[in-house]
Amino acid sequence: MNNGTLLEVNDITVEYVTQGQRFAAISDVTLDIAEGETLGLVGESGCGKSTTGRAIIQLPTPTAGHVKFEGQELTGLTHNEMRQIRQRLQIIFQDPVSSLNPRRRVKDIVAEPLIIAGNKDAADIDRKVREVLNAVGMDPDITLDRRPHQFSGGQCQRICIARALIMEPKLIVCDEPVSALDVSVQAQILNLLEDMKERYGLTLLFISHDLAVVKNISDRVAVMYLGKFCELADSERIYEAPAHPYTAGLMATIPEIGDKAIDSGPALAGEIPSPLNPPSGCRFRTRCPQAQEKCTAEEPAFRDIDPGHQVACHFPLLGE
Amino acid sequence: MADNQSIEPPLLEVNNLFTHFDTPRGIAHAVDGVSFTLERGRTLGIVGESGSGKSVLSRTIIDILAKDGSVLHEGEILFEGRDLRQLPEKEMREIRGREIAMVFQDPMSSLNPVKKIGKQITEVLTKRLGMTKQAAKLRAAELIDSVGIPDAEQQLTRFPMHLSGGMRQRVAIAIAMACEPKLLIADEPTTALDVTIQAQILDLLREQQRERDMSVILITHNLGIVSGYTDDVAVMYAGRIAERCGTDELIAHPRMPYTEALMNSAPALSDPPHTRLNAIPGLPPNLLNVPPGCRFHARCPYVQDKCKSDMPELLAEDNPAHTFACWHPLANGKANEVASGGIQ
C-alpha cells in the first residue's frame, strides 16, 4: 500500500425504475482506492455492493456522481473511449462457468481482450496467452485447446483471472470471485489473487458477502447496507473494533470453526427492508438493537470517528 | 413405536450403504460404503465439499432418487429397526414426510409457486394426518407462528414469491414440522441465505429440535455451522465417511488429514489480513473413476505407499466414539502442531 490514489469515487448514485417507481440501488457512495491496495466491499444480498463495482466500470454509468480513474473522469466518456480505459479496468465474476463461452476454446477466450484491443500479431498473442495461463497455474499445453466444460469451477475461475490479466490492468473488480467455490478451492483462488497482485502490481476492489474472506484479502474494508456505506476502516481495525452496530451484528453471526453450540449470540433480528421504500433516518434502525428516536428522525452522516475510520451512525460503538 | 427403553434400537442406522449412478460415461460412485448411526434427539452434521456424496446420501435415506434403474443401491437403512429399503413404496410414503421430513437448500424450488402458503401447509395436514379443513387451517396458522413468521393468518393467503428467501425457508420448515417428524434432514438449509438470516434459521431449527425432541441430520459444506449447531459430525470425502465423532472432539483433535486440511483452508476471522491460506492442492477425485487406496491420497501431505494401494476402513483407535479412515492418522492431541507445518 502506498502512494497515489488510483480510483476516486464521489457521491455516486445508481437509480433504476421498476414498476414505474424510481429507486436508488446505491446512493451517495464515496470511496477511493490507493494504487496497490485491496479494498473489500462487504454486505448482504441487495445492499448494492455489486452495483457499486459495476458503476465503477460504467456498467451502467451511474445516474449521478463522479468516478475518476488514474485522474481521468469516466462518467462522461463515449463508448469507444471507455473501451480503451477498460483495458486497464477489468472485472471477474462470481460464476466462472457462466462467464466463459462454453463453445470457445480456452486460447480464444483468453486472447479475446487482446484481439478486441486491436492486437493482430498472432505470435505475440500466443506468447501472452501462454504467459498468463502459466501465471494462474494452468498448463498451457494441456488447456489451450480445451473448452470450459472440461474444467472444474476453480479451474474456470483461474481462466477468468487469466483473461482479466492479459491486458495488464491496473484495477480488477472482483465480484464474489470465490463464492461459488468449495473452501479448499476458494483458498487456492484467494492465494492466487494475492500472488497475481504482487506479480502484476494490481489494485483490487474485492466484493464479497463473506467477512472472513474479505478480511483475509483486504487492506481496508467497507460495509454496505441498503445502498449506502455504513462503515469503512482498516481491515484489522474493523474486525477488532467495529463501530457500526450492523458491522458488529454481522460479525457476531458468522459461524466460525470452534464456536460452541451454546455460545452463539442472538442473531440480528428481522430482514433487510425493501430498497423501494427505505426506512426514514438511519436505514439500519429497524434492525438495530441500539436504535433511538434520533435514528428515525435524522439520517446519520458518514463521518470520521478516527483518522481512516468512517462510520454512519449517531451512536457508534466505541470500544469495550 | 415401542417405548421400551432398554432394547430400543437407534433412530437411524445406516449399514454399508452404496448409491451408484449408471451414467453414459460409467458408474458414478456417489455413496460408496457408508455406515453410521443416529440416536434420538441428536443433531448429526454431515460435512463435505461438492461431490462428496452428502446430498445423495440424504436422498437415498428418504428414497427420492430416480427409480428408473439408473440408480443402484446396496446396504441397509434401519429406521427404528425397520429396513427402509425393503419397504413397499406405499409404506415408505407414510414414513416420508411423516416420520422423516426434509428441508432443502433452495426454498423457492421446494415450494409450489402457484399455491398459497396456507394451502401448502393445510394440504399436508388434511392428507397426511386426516385433519378437517377447519382444524388444519388453525393448525397451519400455529405452525407459521411457531417458525417466527409475523401475521400468521395473513401470510397463509400469500404466494411464495411474496416472501423473502428467509421467510420461504421458514415456511419450508413449518411444512416439515407439520407431521411432527422424528427425523429432520436439512440439506444445506442456509446456503442460499445471507449470514444474518442464516443465523436466524439455524436458531429456529435448533429451537424446533429441542421442543420436539427430534433428531436432525444437518448437511453442510461449512465447518463453522457444524461447529456451532451439531452434536456429532461425519466428514465425507468422495463418497465415503472419512471421519466421525463428537463435534467438539473433531474440532479439537482431527485425526484424518482431510479434516485438518478442510479446517485450515477456510480463512479465520481471527487471522490478520493477508494471512496465506492453506489451500488443499489438486481436486477431489472423479467419482466415475475413483482411485485405489485412500481416496484422499493424491492431495494428502502425509501420503505413504500403503495409502495408494489399500483402502483404509473407518475404525476407532483409543476412543471408541472417534472413528477415522486413515493409515497414518494425525497424532491425537497435537493436531495443531502438525497443522502449522503440515499442509502447504
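In this predicted model, 36 residues of chain A are in contact with 39 residues of chain B, a contact being two residues whose C-beta atoms, placed from the backbone, lie within 7 Å. Four elements of chain A each give two or more residues to the side that touches chain B: α7 (183–200), α8 (211–217), α9 (235–240) and α10 (245–252). Helices here are DSSP runs of H or I with at least four residues, strands are runs of E with at least two, and both are numbered from the N terminus. The largest share, seven residues, comes from α7(A). Sorted by class, this side of chain A has 14 nonpolar, 13 polar and nine charged residues; Ala, Val, Leu, Ile, Met, Phe, Trp, Tyr, Cys and Pro count as nonpolar, Asp, Glu, Lys and Arg as charged, and the others, Gly among them, as polar.

As for numbering, residues count from 1 along each chain as its sequence is written, and chains are lettered from A and ligands numbered from 1 in the order in which they are written. Local features need pLDDT of at least 70 and side-chain atom pairs count only at pLDDT 80 or more, while totals for chains, interfaces and linings use all residues.

Back to α7(A): its axis and that of helix α11 (residues 257–265) of chain B come within 8 Å and cross at roughly 50°. These axes are lines fitted to C-alpha atoms over the stretch in contact, with angles running from 0 to 180 degrees between N-to-C directions. At this contact, A:Val183, A:Ser184 and A:Ala187 meet B:Ala261, B:Leu262 and B:Ser265, a set that splits into four nonpolar, two polar and no charged residues. As for α11(B) itself, nine of its nine residues are buried, that is, 20 or more other C-beta atoms lie within 10 Å of their own, with C-beta atoms placed from the backbone.

Strand β7 (residues 183–187) of chain B is also mostly covered, with five of its five residues buried. On one side sit B:Leu183, B:Ile185 and B:Asp187, and on the other B:Leu184 and B:Ala186. β7(B) runs parallel to strand β6 (residues 100–103) of chain B, joined by four bridges, and B:Ile100 stands opposite B:Leu183. Five bridges join β7(B) to β8 (residues 215–220) of chain B, again in parallel, and here B:Ala186 stands opposite B:Leu218. Strands count as paired if DSSP finds at least two bridges between them.

Chain A has an open, antiparallel sheet of four strands in the order β2-β1-β4-β5.

Methods: Buried ≥ 20, exposed ≤ 12 C-beta atoms within 10 Å, placed from the backbone.
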